[in-house]
Amino acid sequence: MKKKSLGVNALLSGLQSLLNVIFPFITFPYISRVLDVSGVGKVNFSSSIISYFSLIAALGINMFAIREGAKLRDNRKAISEFASKILTINLISTLIAYVLLAITILVVPILHRYTDVIVLLSSQIILTTIGVNWLYTIFEEYSYMMLRDLIFKIVSVVLLFTMVRHQDDYLNYAAVSVISSAGSYLLNFFHARKYCDFKLNFDFNWQSYIKPILLIFASMVAIQIYVNSDTTMLGFMKGNYSVGIYSVSVKVYTIVASLLASALFVTIPRLSMLLGKKRYREYNSLLGRLINTLIVIVLPSIIGLIMLSKDVVAIIAGAKYASSAISLQILTLALIFKLMCSVFNECALIPLKRENKSLIAFALAAVLNIGINFIAIPFMSERGAAMTTVLAEFTAMAVCFYYGRDTILPVVKNSGTIYNLITVLIGSVGIVGICLFGNTLVSQRILRIAVNVIASGILYAVLLLIMKNQTALGMLEQIKERLQH
């Protein structure tokens, strides 16, 4: 297989994430104004329920498939056999997920009034399974994934503005959400023939697949618990209004996290391949660059989002969601912990086959999150939910770092991460100053955001270059090379 540029992959993944950012920025302001707060809360609560069963269907297949498949992608016969086994396992887990979902709806009375939304949203489960997105990640087909998402996002926007016109159109909103997030997976299954040949295969050593998959799955369950338990517990303890308010904060937080994680996503299969082929020097170098790049990008983004949170909420959702700004500011603090945890887990522990250590990290985070939610939500509502998320993300990151320290610490020491962090923190002070000045100087919201982002971004970049931040200098050299070609 021809080696693809990580820079190009990161750019394509970034564009794909940007599509996921632009779509909510176009649709959510419209949805929050057309549907009432309770309608938005009803769809988001139902979505949080579906997320648990989506997790059952997915198991730990995605991470396992990327880790093991990355080593086989140059051999069509081998990758076909592997992919067929993975799809067989996934179809069985999907059937189990639907059976459990049906039972849950029947035995939990509070879910009866959400049945129509839950059933509609559940179509995402089977679409995701047959979409075999892990195969496209293995082959680093980010151009295909970006084009596919672009087409379906455009279709979804058109459907949204034609199908969601009144306060009671929340079912139409749920249907459009399915098309936007999972509709393109219908194309994936047929297009996958370019890379491998699928067939159901039950005759293989199941234990060698199921054991690591279930360990990864258990970790993903813990992650899903502390990611979605906030919304679920808010729904049970405070009702749809609090869920609607909190959903704006979560929406913005999720959008920003996805965009910032673009470089991480494209690096995972490459790191898995390097470790699988025992190319340790290249692995350490790439991991070091990834950590430093995330620090340079994520920390200033956190500061900027905190400073602009009130304007962002007002533009996206309107004045009736103004109280979302505080929970957004709290949630934003979790970004650095969330992304670094992903690096330590998906780029170190999982490729090193330490799934059991990942499970410990996320189980501790989940227990902490749920335990404190019982105390924080009754008194602080969505703000308490946001605080517990920050604590959970920090806990998961710290434990993942501890169990991967033999690999991560040498990389950090040899890649100038400490000096990188110091210069980034100094540069971030400039962002605070620019935003404070811009907030008093410019009165119009959209213009104020534009001025603050552009001015603070320029000042931040200049400060890093003055302090000779090696990551920033490397980015500048790459930009010069691209322009010259």
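In this predicted model, helix α12 and helix α17 cross in a right-handed manner. Helix α12 spans residues 240–260 and helix α17 spans residues 355–403, and their axes come within 9 Å of each other while crossing at roughly 35°. On the side of α12, the contact is made by S242, I245, Y246 and Y253, and these residues meet S381, E382, A385, A386, T389 and E393 of α17.

For L135, when neighbours within four places in sequence are left aside, the residues in contact are I79, A192, Y195, C196 and F198.

A further position that can be described in some detail is S456, which lies in helix α20, a helix formed by residues 445–466. The relative accessibility of S456 is 7%, and S456 therefore counts as buried, since the term applies to residues under 20%. The side chain of S456 reaches the backbone oxygen of V453 at 3.3 Å, and, not counting residues up to four places away in sequence, S456 also touches I431, I434 and V451.

How values were computed:
Residues are numbered from 1 along each chain as its sequence is written. This is a predicted model: local features need pLDDT of at least 70, side-chain atom pairs count only at pLDDT 80 or more; totals for chains, interfaces and linings use all residues. Side-chain values use heavy atoms; hydrogens and water are left out. Axes are lines fitted to C-alpha atoms, for helices over the stretch in contact, and angles run from 0 to 180 degrees between N-to-C directions. Helices (H or I, at least four residues) and strands (E, at least two) are DSSP runs, numbered from the N terminus. A crossing is left-handed if the near helix is turned anticlockwise from the far one by less than a right angle, and right-handed if clockwise. Contact means heavy atoms within 4.5 Å. Buried means under 20% relative accessible area, exposed over 50%, partly exposed in between (1.4 Å probe, protein chains only). A polar contact is a pair of N or O atoms within 3.5 Å; within protein, one must be able to donate a hydrogen and the other to accept it, and residues adjacent in sequence count only if both atoms are side-chain atoms.
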